Amino acid sequence: MTKHILAAALAMITGGTLAANLEAGKKTATEVCVACHGVDGNSPNPDFPKLGGQHPDYMGKALRDYQSGARNNAIMKGFAGMLKAEDIANVAAWYASQPAVLTTHR
Ligand code: HEC
């Protein structure tokens, strides 16, 4: 019984911290990423990868890799470096929630 309550409480706590905050993510996108990726992540400029509808775990990994240097890009190292783990989760969730315009070319 106690075990169940503990597990439920734990789930609530971790769920609360890990749940992405879309509004906070939108704020980061609007204030920091907008110049290149746009607020919706669908920049018409081919120099900037489209992020709208991209998988959040992919974007999270990309951003952590820019931070660590595992993925080497001078521009993104600077911008990813500004983000805390929480910011990454939020901004990735925001862009993932935007319409995808990714296409397959055959
Ligand atoms: C000054 C322009 C610029 C800004 C501002 C910028 N980016 Fe980028 N971003 C780029 C470029 C250029 C690339 C491609 C780099 C590469 O080749 O790895 C990129 C790549 C990415 C990728 C990897 C995409 C993929 O398909 O692999 C993610 C995720 C990303 N940016 C997120 C962000 C976020 C989140 C912000 C805001 C905190 C941000 N970027 C701000 C220019 C920018």
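**Exercise 1. Does Cys 33 count as buried or exposed?**

Solution. Start with the ground rules: this is a predicted model, where local features need pLDDT of at least 70, side-chain atom pairs count only at pLDDT 80 or more, and totals for chains, interfaces and linings use all residues. Residues are numbered from 1 along each chain as its sequence is written, and side-chain values use heavy atoms, leaving out hydrogens and water.

Next, the cut-offs: buried is under 20% relative accessible area, exposed is over 50%, and partly exposed lies in between (1.4 Å probe, protein chains only). Cys 33 has 17% relative accessibility, so it counts as buried. Cys 36, with a relative accessible area of 23%, is partly exposed.

Now for disulfides, meaning pairs of cysteine sulfur atoms within 2.5 Å. Searching the whole structure turns up zero of them.

**Exercise 2. Work out the geometry around the iron atom of the ligand.**

Solution. First, find the donors, which are N, O and S atoms within 2.8 Å of the metal (3.2 Å for Na, K and Ca); water is not among the atoms, so sites may look incomplete. From the protein, His 37 (NE2) and Met 76 (SD) qualify, at 2.0 to 2.2 Å from the iron. This pair ties together distant parts of the chain: His 37 sits in helix α2 and Met 76 in helix α4 (residues 74-81), 39 residues apart.

Then check the angles. Six donors count as octahedral if opposite donors are over 155 degrees apart and all others between 65 and 115. Here the six donor atoms subtend angles of 84 to 178 degrees, so the arrangement is octahedral. For reference, the ideal angles for six octahedral donors are 90 or 180 degrees.

Finally, look at accessibility: His 37 is buried at 11%, and Met 76 is buried at 17%.

Key
Tetrahedral: all angles 85-135°; square planar, octahedral: opposite > 155°, others 65-115°. Helix = DSSP H or I, 4+ residues; strand = E, 2+ residues; numbered from the N terminus.
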